[in-house]
Amino acid sequence: MPDPAADPSPHKTAKALAGLAALACVACCALPVLITAGVLGAGAGAVVGWLPALAVVFAVLAAGTWWLQQRSRGSCSCGSVRADREGCGCRASV
């Protein structure tokens, strides 16, 4: 199993949480319109009350996850490969 710290692909957790927050925002705006138009029953209105809070929770989790991922990368802003080649003042971590 490869070392997660050595994985060059970016983590997708923050993007997934941000996508869920966006989906909750869209649903929060679309559900009242669909209920008023008669497309959905009035029972769907119970869900609408929870969607703004859910969207905020997902947005906060996405921001926190992104911040933690940025913080765990270290203080080098140019990346370890570029730091080795161009010498931007950062050292590649071993």
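Helix H1 covers residues 13-36, helices here being DSSP runs of H or I with at least four residues, strands runs of E with at least two, both numbered from the N terminus. The structure is a predicted model, in which local features require pLDDT of at least 70 and side-chain atom pairs count only at pLDDT 80 or more, whereas totals for chains, interfaces and linings use all residues. Residues are numbered from 1 along each chain as its sequence is written, and side-chain values use heavy atoms, with hydrogens and water left out.

H1 has a kink of about 30° at Ala30, shortly before the proline Pro32; the bend at a residue is the angle between axes fitted to the seven residues ending there and the seven starting there. Just after H1, Gly38 adopts a positive phi of about 85°.

The protein as a whole contains four helices and zero strands, and its elements follow the order α-α-α-α from the N terminus. Of its 94 residues, 15% are buried, where buried denotes under 20% relative accessible area, exposed over 50% and partly exposed in between (1.4 Å probe, protein chains only). The accessible surface amounts to about 7,200 Å², with 67% belonging to carbon and sulfur atoms; these areas come from the Shrake-Rupley method with a 1.4 Å probe, and for residues only the protein chains shown count as cover. Among contacts (heavy atoms within 4.5 Å) between residues at least 6 apart in sequence, 49% join residues at least 24 apart.

Within H1, the buried residues are Ala14, Leu17, Ala21, Ala24 and Leu31. The buried residues of H1 pack against helix H2 (45-48) and helix H3 (51-72). The largest nonpolar core consists of five residues, namely Ala24, Leu31, Val48, Leu51 and Ala55. H1 and H3 are the elements that contribute two or more residues to this core. A nonpolar core is defined as a set of buried Ala, Val, Leu, Ile, Met, Phe, Trp, Tyr and Cys residues joined through side-chain atoms within 4.5 Å.

Apart from neighbours within four places in sequence, Ala55 contacts Ala21, Ala24 and Cys25. Gln69 is located in helix H3 and counts as buried because its relative accessibility is 15%. With residues up to four places away in sequence excluded, Gln69 touches His11, Thr13 and Ala14.

How values were computed. Expected span 1.5 Å × (residues − 1).
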